[in-house]
Amino acid sequence: MSPARLSTVVLDAHDAHELAGFYLRLLGYEVRSEEPHWVLIGPPPGHAGTSLAFETEPEYVRPVWPTRHPGDQQMMLHLDIEVDDLQAETARAVAGGATLAEYQPQDDVRVLFDPSGHPFCLWTETPQ
């Protein structure tokens with residue numbers, strides 16, 4: 001096994017603290033570390049999950065998804081978040097500040113944008 005382990009995904013934003021607050025509410029995470037332009041959050045002790053960090057980037061440009069024009073700032077990554085009740089969790093995410101994407105490619109996935117415009121997917125496992 002490799003000695004390297006993925007510990008954290010970092011997202012840039014105009015305001016690291018604002019975006020961290022959105023994901024704290026969405027995921028039920030807690031703040032692990034905080035600086036003026038940086039916030040690290042993760043699952044509560046005893047719970048599994050990947051940590052997320054947020055960095056304030058004054059020149060941040062919102063991604064466009066799906067890409068419509070050459071030169072648009074493209075999505076570099078997105079987060080997949082598994083939920084038990086897709087409809088209820090989508091409504092909760094929207095109430096917390098997310099925006100539902102106009103284009104929805106699958107029935108068992110909802111594509112949303114966080115307050116900084118990063119796409120993320122809520123999904124639920126469907127019986128085969």
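Start by selecting E82, which sits in strand 5, spanning residues 79–82. Bear in mind that this is a predicted model.

Next, go to the largest nonpolar core, which has 23 residues. Select Y23, I41, F54, F120 and L122, the members that touch the most others in this core. Then colour the elements that each supply two or more residues to the core: strand 1 (8–13), helix 1 (16–27), strand 3 (38–42), strand 4 (51–56), strand 5, helix 2 (86–95) and strand 8 (119–123). Helix 1 is the largest contributor, giving six residues. In soluble globular proteins, nonpolar side chains tend to be buried together.

Now move to helix 2 and show the side chains of E89 and R92, which lie three residues apart, about one turn of the helix. E89 and R92 form a salt bridge, with 2.9 Å between the closest N and O atoms. A search of the whole structure finds one salt bridge. Partly exposed describes both partners: E89 has a relative accessible area of 22%, and R92 has 38%.

Finish at E35, in strand 2, which covers residues 30–35. Is E35 buried or partly exposed? Its relative accessibility is 46%, so E35 counts as partly exposed, since that class lies between under 20% for buried and over 50% for exposed.

Methods. Residues numbered from 1 in each chain as written. Predicted model: local features only at pLDDT ≥ 70, side-chain atom pairs only at ≥ 80, totals over all residues. Heavy atoms only, no water. Helix = DSSP H or I, 4+ residues; strand = E, 2+ residues; numbered from the N terminus. Core = buried A, V, L, I, M, F, W, Y, C linked by side-chain atoms within 4.5 Å. Buried < 20%, exposed > 50% of the residue type's maximum accessible area, 1.4 Å probe, protein only. Salt bridge = Lys/Arg side-chain N within 4 Å of Asp/Glu carboxyl O.
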